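User: Hey, I'm new to this one. Can you walk me through it, starting with the ligand?

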Amino acid sequence: MDEEYDVIVLGTGLTECILSGLLSVDGKKVLHMDRNDYYGGDSASLNLTQLYRKFRPDESAPTKLGRDRDYNIDLIPKFIFASGELTKILVHTEVTRYLEFKQIAGSFVYRDGKISKVPSTEIEAVKSPLMGLFEKRRAKKFFEFLQSWKDDDPATHQGIDLDKDSMKVVYEKFGLEPGTQDFIGHAMALYLDDDYITKAARPTYDRIILYTSSMTRYGKSPYIYPLYGLGELPQSFARLSAIYGGTYMLDKPIDEIVTDEDGKFVSVRSGEETVKAKQVIGDPSYFGAGKESDGGKVRVLEEGKVIRAICLLNHPIPGTDDSDSCQIIIPQNQVGRRNDIYVAVVSSTHNVCAKDVYVAIVSTIVETNNPQAEIEPGLKLLGPVFDKFVSVSPLYTPTSTGKADNIFITRSYDATSHFETVVEEVHDVWRRVTGHDLVLKAREAANIEEGRDEAP
Ligand SMILES: *[C@@H]1O[C@H](CO)[C@@H](O)[C@H](O)[C@H]1NC(C)=O
């Protein structure tokens, strides 16, 4: 392999695959390698054999779980906002042609010991058990205010300046109770903690509008999900890259990142083979994450670690109307934490497990020395759990932009329940690698809209 590439990409997680797809489309010569024999890296979806190999190398999957090939278990639980940034990239690149989507059937929030649907419109707010009569009227006024806001029409502002006034000021203007603020800030704006309240209201406004506009798109929840699991996403971008001449190699141990005397990137060595390129992009695991000898290229973020518990159940989640899928958010205030707990549920409807099996992933940012105990409030909502696979993953971030050494490292997948931050990361790395902004043209979302049966 003495061919020279523009970019070598290490790891086939979603971030890396979107980047290699977009770079290939942009005319770059891309070589993409992964140490695993499957696509997806940390954001892969695994079959039962792979799941057991990863979590319990000494055991094989119990036969009562059904056929291996029915399983595509996500390692990182996230849903796609129907009107979000990932959808825009999927549509722009026409990667939608490789994918089919289903709606996520419901979005729930935990309050005072039980779960309820997240109201996302004035009409739903009026029916919601989450609020008393007078609070409903106040919430209705709040949602009407948001929906009718126009930047260039001061008459719609009601004395509020979204860029100067904090969210606290907005909540107070409408007199919303703390419990209502909890579901708005955490189940709609999807903040992981309460820091947003004292900051300018604009980003919270944007997030609520993203939620409500995604919600109105298909009706049941703001989220869509690819059939056969999230691992389909990186694979689809890999196909895009391949169409534009990108080369993919799986099952390749990466033994060395070779640099010159100035520390600048030269090549990647795998066994006896060395491949040169101008730049290298990769996930933190290829640059010393978790090892002593990391050379300081990555560090663990202040938020620290995320705990994720993949739970296999043989029943739907109690209190969700037997939904085949849903998101449940436990706002931190409700359980005396600093960070929210998320539950993401999918099932055989999404071709990710055998019939009558439900896959629920409970996750949160670790705050104590006993992370297992921290997810207890989430596990309690599930009812009996057939089997459980728990991981605690540090969140890594690069220590430099990569411009000096042509080594561009991506961040670990965070604790958010959606892909918006993954897309932010793609934009950021793109800017670092190419020196200019990634511009996506919006096209009609035809393929997603059509879908099949009740699909979005
Ligand atoms: C499950 O994964 C293993 C390991 O990657 C693979 O060899 C096997 O073919 C897969 N099973 C099915 C049914 O796809």
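Analyst: A polar side-chain atom of Asn47 lies 2.4 Å from an oxygen atom of the ligand, a polar contact in the sense of a pair of N or O atoms within 3.5 Å. This is a predicted model, where local features need pLDDT of at least 70, side-chain atom pairs count only at pLDDT 80 or more, and totals for chains, interfaces and linings use all residues. Residues are numbered from 1 along each chain as its sequence is written, and side-chain values use heavy atoms, with hydrogens and water left out.

User: What does Gln50 do there, in terms of distance to an oxygen atom of the ligand?

Analyst: A polar side-chain atom of Gln50 lies 2.8 Å from a ligand oxygen atom. On the Asp68 side chain, an N or O atom is 3.3 Å from a nitrogen atom of the ligand.

User: How much of the ligand does the protein cover?

Analyst: The protein covers 53% of the 360 Å² of accessible area that the ligand has on its own. Those areas come from the Shrake-Rupley method with a 1.4 Å probe.

User: Which residues are around the ligand?

Analyst: Asp37, Asn47, Gln50, Arg53, Asp68 and Arg69, where being near takes a heavy atom within 4 Å. By type, the shell has no nonpolar, two polar and four charged residues; Asp, Glu, Lys and Arg count as charged.

User: New topic. Is strand E16 buried or exposed?

Analyst: Mostly covered: seven of the seven residues in E16 (residues 341–347) are buried. Buried means under 20% relative accessible area, with a 1.4 Å probe and protein chains only. Strands here are DSSP runs of at least two residues, numbered from the N terminus.

User: Which way do its residues point?

Analyst: Ile341, Val343, Val345 and Ser347 point one way from E16, while Tyr342, Ala344 and Val346 point the other way.

User: What does E16 pair with?

Analyst: Strand E15 (residues 326–330) runs antiparallel to E16, joined by five bridges, and Cys326 stands opposite Val345. Strand E17 (residues 358–365) also pairs with E16 in the antiparallel sense, over seven bridges, with Val343 opposite Val362. Pairing needs at least two DSSP bridges between the strands.

User: And what order do the strands take in the open sheet?

Analyst: Three strands go E5-E9-E6, with antiparallel pairing. The edge strands are E5 (80–81) and E6 (101–103), each pairing on one side only. E5 and E9 (residues 223–226) share two bridges, and Ile80 stands opposite Ile224 in E9.

Notes. Buried means under 20% relative accessible area, exposed over 50%, partly exposed in between (1.4 Å probe, protein chains only). Helices (H or I, at least four residues) and strands (E, at least two) are DSSP runs, numbered from the N terminus. A polar contact is a pair of N or O atoms within 3.5 Å; within protein, one must be able to donate a hydrogen and the other to accept it, and residues adjacent in sequence count only if both atoms are side-chain atoms.
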